[in-house]
Amino acid sequence: MSDIALLTASIIAPVIFGFVFAKLLPGAITKFVDKEIERRSDIKLEKVKGEILGSYSTLKSSVDMLTASNSGLHPHIIETVTALWGLVVTMKHNFSGMVVFDTLFLADEAAQAFQDEAAHANLIAYVEAHRNEFDNLAINGAVLEPNLDKHRLFCGDRLWLIFFIIRAVYMRSSLLIARSFQKGDYNDWRQDDGIRQLLSAILPEQLVADVRSRPTGGLTMAIDQLEARFLHEATRVMSGSKAMADSLADMQSVLLLENAKVAGK
């Protein structure tokens with residue numbers, strides 16, 4: 001081969017090689033990238049499927065456990081809530097005179113009644129049962145219920161707290177009436193920090209301030225609010241396990257649907 005031919009070949013060959021390389025390389029790279037993306041996607045999908053299956057297994061166990069335990073605990077829960085509400089109703093009856101006294105008479109009228117009982121016998125009649133704090137507690141079975149603690153296991157902490165606050169508010173208010181008899185002047189519950197602290201454990205501060213600022217009827221309003229919260233929590237406690245199980249069952253269905261979607265990809 002002549003020198004010219006060799007020179008020509010050396011010039012043309014790189015051009016041809018570069019042309020072929022430029023044509024083939026992008027396709028090869030694209031195929032490589034596609035395969036790598038597909039491989040990583042498969043790994044990611046398998047990971048997601050594994051996580052969903054794991055979550056499904058956990059939720060299914062929770063649902064099974066709650067369903068099984070709910071049938072056994074539910075009668076005890078109903079019995080407990082019924083017993084506690086029965087005590088609330090009993091206290092409402094036993095302390096009704098004291099609550100009506102607060103509803104009907106202003107603080108200065110109450111003070112006049114305790115300062116001169118003989119002249120205001122009709123007012124004193126509403127709270128006569130609370131003259132002696134010890135006698136009052138002794139006749140009030142709702143306050144001194146001997147088997148009360150056995151109910152705590154099945155009612156939940158919040159319902160127990162609300163019941164305790166209702167009972168304590170009645171007892172504290174009755175104590176203040178007894179002290180009013182002792183000192184011959186009205187011991188106003190609105191000014192008592194103990195009552196404020198008890199109410200604040202359940203009710204919002206603004207609501208507590210509102211009931212304490214009312215010239216009459218504040219005690220009724222406070223107790224009504226406490227009872228409303230008791231009933232709301234009692235309903236939640238009685239249906240709570242079933243509601244939780246239903247909620248988990250819904251989540252279980254969602255996870256199964258998501259698993260089906262992932263498996264189809």
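I read the element order from the N terminus as α-α-α-α-α-α-α-α-α-α. I counted 10 helices and 0 strands; these are DSSP runs numbered from the N terminus, helices being H or I with at least four residues and strands E with at least two. The model is predicted, with local features needing pLDDT of at least 70 and side-chain atom pairs counting only at pLDDT 80 or more, while totals for chains, interfaces and linings use all residues. Residues are numbered from 1 along each chain as its sequence is written, and side-chain values use heavy atoms, with hydrogens and water left out.

I looked up burial next. Of the 265 residues, 32% are buried (under 20% relative accessible area, 1.4 Å probe, protein chains only).

I then turned to the largest nonpolar core, which has 50 residues (buried Ala, Val, Leu, Ile, Met, Phe, Trp, Tyr and Cys joined through side-chain atoms within 4.5 Å). Leu199 and Phe230 have the most contacts inside this core. Among the elements that give two or more residues to the core are H1 (3-94), H7 (157-183) and H10 (218-263). H7 gives the most, with 12 residues.

I listed the contacts of Leu199 (heavy atoms within 4.5 Å). Beyond its neighbours within four places in sequence, Leu199 touches Val169, Val208, Val211, Ala222 and Leu226.

Last, I checked Asp188, in the loop between H7 and H8. Asp188 counts as buried because its relative accessibility is 12%. I found its side chain joined to that of Arg190 by a polar contact of 2.8 Å (N or O atoms within 3.5 Å, one able to donate a hydrogen and the other to accept it; residues adjacent in sequence count only if both atoms are side-chain atoms). Ala110 is 78 residues from Asp188 in sequence, and 8.8 Å away C-alpha to C-alpha.
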